[in-house]
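Okay, thanks everyone for coming. Let me put the structure up, and then I'll walk you through the sheet and the helices that go with it.

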Amino acid sequence: MQTSETSYQTEHVFSISSEEELISCFRERDQKKLLLPDNLRYPFNIRSYFTWKEPSGVYTYLLFKMPNWDMPRGVAFKRTHTGGEPTGGLCNWCNAYGSSEDIGLLSVAMNANVSNSYLICQDLRCIEKIEESAMLAGKNPDKNIADLFNKMSKLFENLSGSKKD
């Protein structure tokens, strides 16, 4: 029987050596929407995953790598604006609670005709929220972080069928 201390890998680090390598992590359909941050200096190391928003806030980008993947994978989420009064919501990835400004629908184009939407943290700071919550509760975050990574990897598994557009 394994203990929780050895069952989960809470952190893995990978590096991106060039702008070309970073762009190649994204599907062609997402590369067209890609706006890289101005302040990136190559090479750079990434702890678990890397996110950023483009200046208008319409697109949020996620770069993620599981330890058993050859290379990192990236996706462009499009923010879905909802009308009406702000409401509360619960992130499906990290279970953080927040207003509709914090938690909202981010959609991913699976192909030309289909998009999937995820009710998740708009800033994708899920790992930090899990760590903060665990620290405040005096608990080990490893299981929740492993669950988060599992949910992220499932997103990319769903995208893999539409990798070539």
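So, ground rules: two strands pair if DSSP finds at least two bridges between them. Strands (E, at least two residues) and helices (H or I, at least four) are DSSP runs, numbered from the N terminus. This is a predicted model, where local features need pLDDT of at least 70, side-chain atom pairs count only at pLDDT 80 or more, and totals for chains, interfaces and linings use all residues. Residues are numbered from 1 along each chain as its sequence is written, and side-chain values use heavy atoms, leaving out hydrogens and water.

On confidence: pLDDT is the predictor's own score for each residue, from 0 to 100. The protein averages 87, with 88% of its residues at 70 or more. Residues 1–8 fall below 50, and beyond near neighbours in sequence that stretch has five contacts in the model, a contact being heavy atoms within 4.5 Å.

Now the sheet. We have five strands in an open sheet, ordered β3-β4-β5-β8-β9, with antiparallel pairing. The edges are β3 (49–53) and β9 (115–121), each pairing on one side only. On average, neighbouring strands are turned by 30° against each other, direction ignored. Axes here are lines fitted to C-alpha atoms, for helices over the stretch in contact, and angles run from 0 to 180 degrees between N-to-C directions.

Let's zoom in on β4, residues 59–64. Five bridges join β4 to β3, antiparallel; Trp52 is partnered with Tyr61, and Tyr49 with Phe64. The hairpin between these two strands has five residues in it, and Gly57 there takes a positive phi near 85°. Towards β5, β4 makes six bridges, again antiparallel, with Tyr59 opposite Lys78.

So how buried is β4? Buried means under 20% relative accessible area, exposed over 50%, partly exposed in between, with a 1.4 Å probe and protein chains only. Six of its six residues are buried, so β4 is largely enclosed by the rest of the structure. Both faces are covered: Tyr59, Tyr61 and Leu63 on one, Thr60, Leu62 and Phe64 on the other.

Last, the helices. α4 (126–137) packs against α5 at about 165°, axes 10 Å apart. Touching residues are Cys126, Ile127, Ile130 and Glu131 from α4, and Asn144, Ile145, Leu148 and Phe149 from α5. Okay, that's my tour!
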